[in-house]
Amino acid sequence: MLLCIDTGNTNTVFSIWDGARFRAHWRIATDHRRTADEYFVWLQSLISIQKFDLNIDACIISATAPRVVFNLRVLCNRYFDTRPLVVGKPDCLLPHEPRVEPGVIVGPDRIVNTTAAFDRHGGNLIVVDFGTATTFDVADDDGAYVGGVIAPGVNLSLEALHMGAASLPHVDVTMPPKVIGTNTVNCIQSGIFWGYIGLVSGVVDKIRDERGREMKVIATGGLAPLFDQGFDQFDAIEDDLTMHGLRLIHDFNKENSDG
Ligand SMILES: Nc1ncnc2c1ncn2[C@@H]1O[C@H](COP(=O)(O)OP(=O)(O)OP(=O)(O)O)[C@@H](O)[C@H]1O
Ligand SMILES: CC(C)(CO)[C@@H](O)C(=O)NCCC(=O)O
Ligand SMILES: [K+]
């Protein structure tokens with residue numbers, strides 16, 4: 001079985017691929033201080049709840065928070081007796097090298113997203129990921145990552161508003177009943193919801209203009225279904241996109257590396 005680990009700045013998701021399907025997705029807050037032993041105890045208890053035999057013989061990691069990689073490597077070595085592939089490290093082959101300025105380190109989640117979306121939808125597309133940051137990842141005709149856009153994430157924006165303005169409460173993101181709010185909570189929800197709809201549609205239009213062609217738009221991340229309610233331009237919503245990409249990159253390495 002393959003263990004896929006996607007570490008974002010806020011959450012880390014562990015998924016188990018049994019060769020035919022994902023058997024489990026488990027989520028834990030990202031914390032670089034968490035040790036290999038802590039991860040393993042946590043994983044063991046989830047495995048025992050779900051009652052299946054865990055037989056991990058390969059691991060792949062995408063980490064946007066580089067400091068967590070050390071403890072995740074120890075987890076893979078010590079408890080699963082395997083050397084993990086880490087997306088972005090030189091020994092992890094990619095189906096398509098990103099085409100960006102020399103020396104730029106592209107977030108591994110963005111490369112994984114474009115790899116997955118290209119596999120499912122073909123080239124020339126935009127992946128919108130509603131994570132800690134709201135990112136737009138552009139894949140060229142051949143599937144290579146060629147750049148994108150980084151905006152503050154929805155939850156970060158909400159948090160910033162609450163932190164910076166004494167009278168503004170923390171609110172949950174949702175689609176408000178009307179655009180013009182008649183109470184503080186609805187006003188904030190409207191600003192966030194319609195503000196992000198405007199941001200996404202504006203950025204998508206600008207990207208299409210700059211490239212001079214139509215492009216598919218694939219949305220992912222926990223908040224994608226919410227924003228789908230106010231936006232008619234998503235061609236697909238895929239909550240497992242990053243995990244699908246990790247699996248593809250693992251298989252690609254298995255087929256193409258000589259080590
Ligand atoms: N239906 C929902 N309504 C509100 N929030 C949701 C819903 N579904 C998921 N979320 C939240 O959406 C947020 C985005 O989740 P996602 O896994 O895409 O990114 P993240 O874990 O916040 O960020 P990162 O991947 O950068 O660590 C999370 O805070 C998650 O709890
Ligand atoms: C943009 C985020 C935070 C999105 O998770 C991550 O991909 C990242 O830290 N990227 C590094 C910079 C870049 O992708 O150009
Ligand atoms: K993510």
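In this predicted model, a polar backbone atom of G107 lies 2.8 Å from an oxygen atom of ligand 2, a polar contact in the sense of a pair of N or O atoms within 3.5 Å.

The surroundings of ligand 2 consist of N9, T64, I105, V106, G107, D109, R110, T135 and I150, each with a heavy atom within 4 Å of the ligand. Sorted by class, this shell holds three nonpolar, four polar and two charged residues, with Asp, Glu, Lys and Arg counted as charged and Gly among the polar ones.

Attention now turns to D129. An unreviewed UniProt entry lists D129 under "binding site", and such annotations may be inferred rather than shown by experiment. D129 sits in strand β6, residues 125-130, where a strand is a DSSP run (E) of at least two residues. D129 counts as buried because its relative accessibility is 11%, and buried means under 20% relative accessible area with a 1.4 Å probe, protein chains only. Leaving aside residues up to four places away in sequence, D129 touches N113, T134, T135, T220, G221 and T242, with contact meaning heavy atoms within 4.5 Å.

Residues are numbered from 1 along each chain as its sequence is written, and ligands from 1 in the order in which they are written. Local features need pLDDT of at least 70 and side-chain atom pairs pLDDT 80 or more, while side-chain values use heavy atoms, without hydrogens and water.

Technical notes:
Polar contact = N/O pair within 3.5 Å; in protein donor to acceptor, adjacent residues only side chain to side chain. Helix = DSSP H or I, 4+ residues; strand = E, 2+ residues; numbered from the N terminus. Buried < 20%, exposed > 50% of the residue type's maximum accessible area, 1.4 Å probe, protein only.
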